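Please view the structure first.

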Amino acid sequence: MLHLDSDYMAGACPEVMAALTATNMERSTGYGTDDYCKAARERILDACFPEGGRMRADARVYFLVGGTQTNAIVIAGLLRPHEGVLAADTGHIAVHESGAIEATGHKVITLPATDGKINAGQIAACIAGFKADPSKDHTVAPGMVYLSQPTELGTLYSLRELTAISAVCRDAGIPLFVDGARLAYALAADTNDVTLTDLARLADVFYIGGTKCGALMGEAVVVAEPSLLRHFTPLIKQRGALLAKGRLLGVQFGTLFTDGLYERLGREADRLAGVLAEALRQHGYREVVAQVTNQIFFEIPNDDLPALAKVASFEEWGAPGPHYTVVRFVTDWALTEADLKALLDYLKG
């Protein structure tokens, strides 16, 4: 069975597994204080701030165990008790976190998205509307903005869009947080023009996904403005996301950030997503969102679903319609063209 349900179904890429095996019997200090974590932080900072300077000197990198914990902890750490987080109505924290953000005591304030994205004008209007509301002391204040790159629909924010959003946030004095759970697939996309350096410059906090991008588990949080997240390590531990054997995360991210491995893994997944999307188009299925990264959304006739499900597993995206169901296929770093053959043959008929 070909599994195209998500991009965290395989274990770890061979390079990461080899590094973990080679260091398995070593003993090291815990909670990310070991030499592997220190080296991985340096590699990540070099990639984010290649010219050095004050921003690189001030920036911090923290390793957490998973995406949900990362989103919840960063958001709770950035917000005051009376504040909420602005996000697209299709954003991950709004639809697929089981209320994890709300469980921290903070409201997700949703804005209508277009192809999974919100824009600077919407954000500015929401903030201005709050400030002009005479009853604002009785409502939830927009205290930060959450984006993901790529979005929940696999689309990308352009550098122009991200720059405009960052400017609105800084003008309003609220932080911008970018969820990079699938960042490898964004960085490697043919149409992408946002680099790690751009993210480090425009976002106050963002994270580099490992769980969905070649690691066994783990996310690397880059805090460009550390004053926004003082005493962040205790917050991570309080929420159960601080790994005692922190070296395991340092080894993995150090490997992913060696010789361009992180982007290479994303690039092949994006390429194969393009191959699959074209086969689905040729078969006559309607594409719901234009394929850009490793997530593919197509409208599949309900009568075709049982036969298709015998060839590949996938996720039904929302409730089935009377005649069609929107289906999401996700390629990942582990997928090969040979893996896709049975599905491509099926689609060719």
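Sorted by class, the residues that line the largest cavity are three nonpolar, six polar and four charged. The model is a predicted one. The lining of this largest cavity is made up of 13 residues. Those that lie nearest its centre are Pro-150, Glu-152, Asp-179, Ala-181 and Arg-182.

How many cavities of 30 Å³ or more are there? The count comes to two. Their volumes are set out below.

| Cavity | Volume |
|---|---|
| Largest cavity | about 80 Å³ |
| Second largest cavity | about 50 Å³ |

The second largest cavity has a lining of four nonpolar, five polar and one charged residues. Among the residues that line this second cavity are Ala-88, Thr-90, Gly-91 and Gly-116. Tyr-146, Leu-147, Ser-148, Thr-151, Glu-152 and Tyr-157 also belong to the lining of the second largest cavity. Strand β5, residues 141-148, gives the largest share of that lining, with three residues.

The remaining topic is a single residue. Thr-255 has its place in helix α11, which covers residues 247-256. Is Thr-255 buried or exposed? Its relative accessible area is 15%, and because buried means under 20%, Thr-255 counts as buried. Which residues is Thr-255 in contact with, leaving aside its neighbours within four places in sequence? They are Glu-15, Val-16, Ala-19, Arg-43 and Leu-261.

Definitions and conventions: Residues numbered from 1 in each chain as written. Predicted model: local features only at pLDDT ≥ 70, side-chain atom pairs only at ≥ 80, totals over all residues. Heavy atoms only, no water. Helix = DSSP H or I, 4+ residues; strand = E, 2+ residues; numbered from the N terminus. Buried < 20%, exposed > 50% of the residue type's maximum accessible area, 1.4 Å probe, protein only. Contact = heavy atoms within 4.5 Å. 1 Å grid on protein atoms, 1.4 Å probe; cavity = no way out; pocket = protein on both sides within 12 Å on 5 of 7 lines; lining within 4 Å. Points joined across faces, edges and corners; volume = space filled by probe spheres on them. Nonpolar A, V, L, I, M, F, W, Y, C, P; charged D, E, K, R; others polar.
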